[in-house]
Amino acid sequence: MSHHNIIKGKIFVVGDNIDTDQIIPAQYLNLVPTNPDEYKKLGSYALCGLPDSYKTRFVKDGEFKTEYPIIIGANNFGCGSSREHAPVSLGAAGTKAVIANSFARIFFRNCIATGEVFPVEATSDILTKELKTGDEVEINLEKNELTVVKTGKTHKLKDIGDVREVVEAGGIFNYARKKGMIK
Amino acid sequence: MTITEKILAKAAGKKDADPGDNIWVSADILMTHDVCGPGTIGVFKREFGGSAKVWDREKVVIIPDHYIYTSDEMCHRNVDTLRKFVKEQGIKYFYDPGTPTYSGVCHVTLPEKGHCRPGEVLFGTDSHTCTHGSLGEFATGIGNTDAGFVMGTGKLLIKVPATIKFVIDGELPKGVSAKDIILRIIGDIGVDGATYCAMEFAGSTIESLSVEERMTICNMAIEAGGKNGIIAPDDKTIAYVKSKTKKPFECFYSDKDAKYLSVKKYDATKLVPVVAMPFSPDKVKTAAEMKDYKIDRVYIGSCTGGKIEDFKMAASILAGKKVKVKTFIVPATVEVEKALATEKIGGKTIFKIFEDAGCETPAPPSCAACLGGPVDTFGRCNNDEICVSTTNRNFPGRMGSKGSKTILASALTAAASAIKGKITDPKDV
């Protein structure tokens, strides 16, 4: 995982239980993430399964990249399937981090293993309440802080914990190489 | 220690495993399918090199099942990618579509073909891999990158989960089945109620259930966020496994003083048929309280509700009745499909009961519309249909279009609902 300590940009705010079918609907699972052209295409479909109540599209029609490098989620982000297409589609669209109150286990793990996006837990549910899509924030992953650019208000984030070693090594393969598990 | 901790400790070559420990465990089986297999192979080749060999050609099991009966060329290409890899690697267990070895849904195929054994560790690139804890093993779903790692090394770094124990005692009332137990639990604890945890199911009700019904319970552990579902093996488990494989296995049991994160108790005699309303498996209501809710179709299939016992339950309700809405039948595997034509209720085969009730002609085995899939998938909700389904998820758009709605139910409730064209408690037909 490329370890960028500062991530700055516009946010896309979503609610509870954003499941993997909403992140990448099953009809696009015929795309194989390790094929470069299909990786790019997965980005164009990121979060296209969100209900129509979301008025703003995460990735505009006809585009491959999002203008929102940071997603602010509520509870249980990434629940459902083990499809790695989910973090991959977000990463391919240009998402750098997902900040959520909590994550579903396999999605969190797939973020760490692939290094596609940085999953960080919020310390309270204030972010989804106070912030709205389009607001600009700066995240400092070293200090575990999120600052709202317009107001300067800073929110504490949870430390990534005992997977930091894996994250900093650059994912499960590099971690295993560092530990001498594999060549 | 709990059964989960004991299995993981053994797989890590350690005496103990405590919740929160990060340990390297050895895998006994790695399963992948057509949706995640090609990506897993891509990761494996990228990281270990183009000429790398899998760690054990008898332990990698490849079961194409998701997108089989579709005209989508990309899906066909993905199955071809698997075929090429199987040939190149000499993979022993491959269930190839269009050939006599084809089976169908991976989570019903794995136990049927003897790949699930008590005491083992099974990883699969599918979140419903938790199904196999029903046979007393540790089984969990992983992504392509982790699976690519297991493919090359036979090992994976995992965190030992804390265990929540669910004790269900007493006799289930008529019309109530395993699906109602697990939906009730998910409704109580929520879709993130067991996040990162093992869900251990015990009690006299669980002991009274068949092996297939136990699979239904563990299958949906992921719907509460669980890392694995698990049931201690007993005589039924051992007889089932021995009928499928000659491989030796070791049974583990939780200690009497095992530490649990929490213990939740249920009186089975008080359980009733339930449904999970759109769009979350924890939006649980009783079938009785939703009885005027009109539906457009019924779907009976998948790893959760497409096993032979599910169809027997559905047939027991549909015998001599007519369905009011389109009713789709998708046997999980070829073995289940065969049983539809041989198993009888009241002298009639299950197949004939479905035919006489006016159900759609059963589709060949696959995951089909459980997860929507390509637009030409059998039973897919392409418009704004409301579907009562024996599957496991009812997220927005899960079975097809964004406007469609899925209501989760048991095979008994699904069949009863098909007869009335609205959500129906099985006792009301």
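Two strands pair if DSSP finds at least two bridges between them. Strands (E, at least two residues) and helices (H or I, at least four) are DSSP runs, numbered from the N terminus.

Before selecting anything, note that this is a predicted model, in which local features need pLDDT of at least 70, side-chain atom pairs count only at pLDDT 80 or more, and totals for chains, interfaces and linings use all residues. Residues are numbered from 1 along each chain as its sequence is written, while chains are lettered from A and ligands numbered from 1 in the order in which they are written.

**Stop 1: strand β5 of chain B**

Select residues 121–124 of chain B, which form β5. B:Val121 and B:Phe123 point one way, B:Leu122 and B:Gly124 the other. In a regular strand the side chains alternate between the two faces of the sheet. Are these four residues buried or exposed? All are buried (20 or more other C-beta atoms within 10 Å of the residue's own; 12 or fewer is exposed, in between is partly exposed; C-beta atoms are placed from the backbone).

B:Phe138 in β6(B) is opposite B:Val121.

**Stop 2: an open sheet**

Next, show the four strands of chain B in the order β10-β9-β8-β11, an open sheet with parallel pairing. β10 (228–230) and β11 (262–267) each have a single partner strand, so one side of each is left without a neighbour in the sheet. Select β8(B), residues 163–169: 6 bridges link it to β11(B) in the parallel sense. Within this pair, B:Phe166 has B:Lys264 as its bridge partner.

**Stop 3: where the chains meet**

How many residues does each chain bring to the contact? Chain B gives 44 and chain A gives 35 (contact: C-beta atoms, placed from the backbone, within 7 Å). On chain B, select α2 (37–48), α3 (73–89) and α5 (144–153), each of which supplies at least two residues of the side touching chain A. The largest share, 6 residues, comes from α2(B).

**Stop 4: the largest nonpolar core**

Finally, select A:Ile99, B:Ala314 and B:Ala415, the residues with the most contacts inside the largest nonpolar core, which has 199 residues. Such a core is a set of buried Ala, Val, Leu, Ile, Met, Phe, Trp, Tyr and Cys residues joined through C-beta atoms within 7 Å. Leaving aside neighbours within four places in sequence, B:Ala314 is in contact with B:Ile300, B:Ala411, B:Ala414 and B:Ala415.

How values were computed:
Contact = placed C-beta atoms within 7 Å.
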